[in-house]
Amino acid sequence: MSINHSEAATFVIRHCVSPKHRDRYEQWLKDIGEVGKGSKGHLGVQVIRPPKGSGKCTYITTVRFDTEENLLTWANSDTRADHLKRIDDILLDGDNVEIHSGIAFWFTPQESHAQARPWKQFLVVLSAIYPLTIVVPWLLGPLFNILPEPGSFWLSKLIGSVCITGLMVYVIMPRYTRLVSSWLYR
């Protein structure tokens with residue numbers, strides 16, 4: 001994988017944990033999560049736990065960073081390595097990690113490595129962006145009206161673009177692709 005140091009990146013970690021050690025692993029997740037929050041460029045963590053009583057053992061943790069460079073710094077840090085040593089004896093399949101850059105992660109289901117068809121990706125992104133291009137400028141209109149005249153056109157476009165892009169990357173697309181996943185990956 002080529003590294004693009006300037007775009008956001010997602011660190012996907014899969015750990016299969018012995019059911020009798022789930023409490024210990026949950027405590028470890030809290031500990032490493034607190035330490036990880038202090039890492040440069042850290043944007044957030046999401047943990048998908050195996051259903052209780054299902055007999056499944058896999059925890060999937062996604063950690064977002066502002067750049068792939070900052071993600072790699074954390075992933076290869078002594079701090080992370082030291083924390084992994086604490087649970088090495090309860091991981092059934094070791095430490096399985098993947099790195100995804102940019103928007104590709106939106107369209108790769110966590111259960112497989114299948115990619116959505118490009119025309120479906122296009123329709124999903126369009127159906128998310130189009131309403132935002134209407135609603136965001138409308139909501140920000142009062143702010144745009146008080147901006148000083150020289151350069152206000154360009155500044156208003158920049159502010160609107162930042163809001164739309166932030167909503168797409170961090171709020172809408174991760175949830176939206178899960179919502180439409182049964183259609184998207186058919």
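Buried means under 20% relative accessible area, exposed means over 50%, and partly exposed lies in between (1.4 Å probe, protein chains only). This is a predicted model, in which local features need pLDDT of at least 70, side-chain atom pairs count only at pLDDT 80 or more, and totals for chains, interfaces and linings use all residues. Residues are numbered from 1 along each chain as its sequence is written, and side-chain values use heavy atoms, with hydrogens and water left out.

**Exercise 1. State how many helices and strands the chain has, and give their order.**

Solution. Helices (H or I, at least four residues) and strands (E, at least two) are DSSP runs numbered from the N terminus.
- Step 1: The chain holds six helices and four strands.
- Step 2: Read from the N terminus, the order is β-α-β-β-α-α-β-α-α-α.
- Step 3: The chain has 186 residues, and 39% of them count as buried.
- Step 4: Contact means heavy atoms within 4.5 Å. Among the contacts with a separation of 6 or more, 75% join residues 24 or more positions apart.

**Exercise 2. Classify the ring pair of tyrosine 25 and tyrosine 59, and say where each residue lies.**

Solution. Rings of Phe, Tyr and Trp (its six-membered ring) pair if their centres lie within 6.5 Å; planes under 30 degrees apart are stacked, over 60 edge-to-face, and the rest tilted.
- Step 1: The whole structure contains four aromatic pairs.
- Step 2: In the pair of tyrosine 25 and tyrosine 59, the ring centres are 4.6 Å apart and the planes stand at 55°, so the pair is tilted.
- Step 3: Tyrosine 25 has a relative accessible area of 1% and is buried. Tyrosine 59 is buried at 2%.
- Step 4: Tyr25 and Tyr59 form one aromatic cluster together with Trp28.

**Exercise 3. Is the pair of phenylalanine 153 and tryptophan 154 stacked or edge-to-face?**

Solution. 
- Step 1: The ring centres of phenylalanine 153 and tryptophan 154 are 4.9 Å apart, with 80° between the planes.
- Step 2: The pair is edge-to-face.
- Step 3: Phenylalanine 153 is partly exposed at 48% relative accessible area, whereas tryptophan 154 is exposed at 64%.

**Exercise 4. Describe how H1 and helix H3 (residues 78-85) run relative to each other, and list the residues that meet.**

Solution. Axes are lines fitted to C-alpha atoms, for helices over the stretch in contact, and angles run from 0 to 180 degrees between N-to-C directions.
- Step 1: The axes of H1 and H3 come within 11 Å and cross at roughly 175°.
- Step 2: Angles under 35 degrees count as roughly parallel, over 145 as roughly antiparallel, 65 to 115 as roughly perpendicular and the rest as oblique. H1 and H3 are therefore roughly antiparallel.
- Step 3: H1 contributes Trp28, Asp31, Ile32 and Val35, and H3 contributes Thr79, Arg80, His83 and Leu84.
- Step 4: These residues divide into four nonpolar, two polar and two charged. Here Ala, Val, Leu, Ile, Met, Phe, Trp, Tyr, Cys and Pro count as nonpolar, Asp, Glu, Lys and Arg as charged, and the others, Gly among them, as polar.

**Exercise 5. Which residues are in contact with arginine 80, leaving aside its neighbours within four places in sequence?**

Solution. 
- Step 1: Arginine 80 is in helix H3, and is buried at 6% relative accessible area.
- Step 2: With those neighbours left aside, arginine 80 is in contact with Phe11, Ile13, Ile32, Trp74, Ala75, Asp95 and Val97.
- Step 3: One of these residues, tryptophan 74, lies in helix H2 (residues 68-75). Tryptophan 74 is buried at 9%.
- Step 4: Beyond four places in sequence, tryptophan 74 touches Phe11, Ile32, Val35, Gly36, Ser39, Phe65, Thr79 and Arg80.
- Step 5: Tryptophan 74 and phenylalanine 11 are 63 residues apart along the chain, and their C-alpha atoms are separated by 9.8 Å.

**Exercise 6. Is valine 180 buried or exposed?**

Solution. 
- Step 1: Valine 180 sits in the loop between helix H5 (152-179) and helix H6 (181-184).
- Step 2: The relative accessible area of valine 180 is 19%, so this residue is buried.
- Step 3: Valine 180 and valine 124 are 56 residues apart in sequence and 8.4 Å apart from C-alpha to C-alpha.
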